[in-house]
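Student: Could you show me how to read the way helices and strands pack together? I would like the general idea each time, followed by the case at hand.

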Amino acid sequence: AIHKGGVYHNVPGETKESVIRNAMAQISQGLNLDADVLSDLLMDRENLQPTALNNGIGVPHTRDFLLRSHEDAVAVVFPQNLIDYGALDGKPVHTLFFLFACEDKKHLHLLAKIAHLCNQDRALQLLAGKPSKEDLLVHIKGWEATIP
């Protein structure tokens, strides 16, 4: 899913909404979707309840299945600035996993996998350093190999 979604560094913005809108301006092109529609859907979801996990991680997503293929997409975004995201632990967000799934079961599976990954100290250290797409994928492949 990250292969399809990509990794984006230093996305500008001072607020949750501005980072989401700036990220969607970049991400939407690769997904052949409208940036404004995606931003509005993501903000609608955020207004219901923030999608921040703990430890500086956010997982903005929408329950609308917009992708026309059977491939899910996860875009990893490293904002230029730490963002107040309404996390339960009160920590600002340094990494966002934008999740676009094709169906409910895959959506829930990807959410669980991201949450599990982001509960690992080594992964959190890597993410805080804003790794390249290649380094992130190598880490995830190694981590997935350890899952029984």
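**Reading helix and strand packing**

Tutor: The axes of helix 5 (residues 121-128) and helix 6 (residues 133-145) come within 11 Å and cross at roughly 175°, where axes are lines fitted to C-alpha atoms over the stretch in contact and angles run from 0 to 180 degrees between N-to-C directions. Because angles over 145 degrees count as roughly antiparallel, helix 5 is roughly antiparallel to helix 6. This is a predicted model, in which local features need pLDDT of at least 70 and side-chain atom pairs count only at pLDDT 80 or more. Residues are numbered from 1 along each chain, and helices (H or I, at least four residues) and strands (E, at least two) are DSSP runs numbered from the N terminus.

Student: Which residues of helix 5 and helix 6 make the contact?

Tutor: Contact means heavy atoms within 4.5 Å, and here R122, A123, L126 and L127 of helix 5 meet D135, L136 and H139 of helix 6.

Student: Which residues of helix 5 are buried, and which are exposed?

Tutor: Buried means under 20% relative accessible area and exposed over 50%, with a 1.4 Å probe and protein chains only. In helix 5, A123, L124 and L127 are buried, whereas the face turned away from that buried side carries the exposed residues D121, R122 and Q125.

Student: How do side chains sit along a strand?

Tutor: In a regular strand the side chains alternate between the two faces of the sheet. In strand 4 (95-100), T95, F97 and L99 point one way and L96, F98 and F100 the other way, and all are buried.

Key: Side-chain values use heavy atoms; hydrogens and water are left out. Angles under 35 degrees count as roughly parallel, over 145 as roughly antiparallel, 65 to 115 as roughly perpendicular and the rest as oblique.
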